[in-house]
Amino acid sequence: GEGNTEKMKGNNITLPFRRKREGKTHYKKRLKMLLSDKFRLVVRKSLNSTRASIVQYDANGDKVLFTIDSKNLSKLGWKGNTGNLPSAYLAGMMLGKKAIQEGIKEAILDIGMNNSTKGSRLYAALAGAIDAGMKIPLGAEVLPPKERISGEHISKYAKSIKNDKPRYEKQFYDYLKKGINPEDIVTHFNEIRGKING
């Protein structure tokens, strides 16, 4: 009766360890098989930036081949926020371009402990890498819509509050300080995208 279910539960919990102890599952070998010859697109985000890296599996520890941080976009003249969808996409595209130049055309996505939220910055970076020409298996339904990637939502919102000057200036202080009107973000995004696409 009741004692049995507890026992079953206990067995379930210890099962992976028991299998490892008895050598039934060769974990390292299995991992190697899963990751052999595959590169990972590792995407991480903080409040003000999105980082994308190409990582190669190595038995002695993963090798980070290169990383692009959305903060690097300022070198190309990006005046927008570096912690939003457009900047995450552009960083992903820069990384994808670099990967292809280095002969890395395929990767698997690794978002780590981040929540998999449809349309998030993590997937905006992925969309950028895919648009750069990389093959990364994933359902297209998780990618943010094109108008959010280009910042159209930011532009629309800026236009909608433009008459409320104090609110507009407070909300878009960073944009205005860098000399860009938030309602022009889509044009600016396309300009930087063009630079990355070369």
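Modeller: Start with I54. Leaving aside residues up to four places away in sequence, I54 touches F39, R40, L41, K63, V64, L65, F66, L95, A99, I104 and M134. Contact here means heavy atoms within 4.5 Å. A word on the source: this is a predicted model, in which local features need pLDDT of at least 70 and side-chain atom pairs count only at pLDDT 80 or more, while totals for chains, interfaces and linings use all residues. Residues are numbered from 1 along each chain as its sequence is written, and side-chain values use heavy atoms, with hydrogens and water left out.

I54 belongs to the largest nonpolar core, which has 44 residues. Such a core is a set of buried Ala, Val, Leu, Ile, Met, Phe, Trp, Tyr and Cys residues joined through side-chain atoms within 4.5 Å. Buried means under 20% relative accessible area, exposed means over 50%, and partly exposed lies in between, using a 1.4 Å probe and protein chains only. Within the core, L41, I54, Y89, L90 and M134 touch the most other members. Which elements give two or more residues to this core? They are β1 (39–45), β2 (50–56), β3 (63–69), α3 (85–101), α4 (121–131), α6 (152–161) and α9 (185–197). α3 gives the most, with 9 residues. Helices (H or I, at least four residues) and strands (E, at least two) are DSSP runs, numbered from the N terminus.

Now the sheet. Its 4 strands form an open sheet with mixed pairing, in the order β3-β2-β1-β4. Two strands pair if DSSP finds at least two bridges between them. β3 and β4 (108–110) are the edge strands, and each pairs on one side only. Direction ignored, neighbouring strands are turned by 25° against each other on average.

Take the β2 pairings next. With β3, β2 pairs in the antiparallel sense over 6 bridges. S53 has T67 as its bridge partner in β3, and A52 has I68. β2 and β3 form a hairpin with 6 residues between them. In that turn, G61 has a positive phi of about 125°. On the β1 side, the pairing with β2 is also antiparallel, over 7 bridges. R40 has V55 as its bridge partner in β2. This hairpin has 4 residues between β1 and β2. As a general point, side chains in a regular strand alternate between the two faces of the sheet.

β1 also pairs with β4, here in the parallel sense over 3 bridges. L41 stands opposite L109 in β4. β1 is mostly covered: 5 of its 7 residues are buried.

α3 lies across β1, β2 and β3, and runs at about 140° to β3. α4 lies across β1, β2 and β4, and runs at about 140° to β1. Axes are lines fitted to C-alpha atoms, for helices over the stretch in contact, and angles run from 0 to 180 degrees between N-to-C directions.

Rings of Phe, Tyr and Trp (its six-membered ring) pair if their centres lie within 6.5 Å; planes under 30 degrees apart count as stacked, over 60 as edge-to-face and the rest as tilted. By this rule there are 4 aromatic pairs. Y168 and F172 make a tilted pair, 5.8 Å centre to centre, with 55° between the planes. Y168 counts as buried because its relative accessibility is 6%. F172 is buried too, at 4% relative accessible area. The rings of F172 and Y175 have centres 5.7 Å apart and planes at 75°, so this pair is edge-to-face. Y175 is buried, as F172 is. Ring pairs link Y157, Y168, F172 and Y175 into a cluster.

Step back to the whole chain. The protein chain has 9 helices and 4 strands. Along the sequence they follow the pattern α-α-β-β-β-α-β-α-α-α-α-α-α. Of its 198 residues, 37% count as buried. Among contacts with a separation of 6 or more, 60% come from residues 24 or more positions apart.
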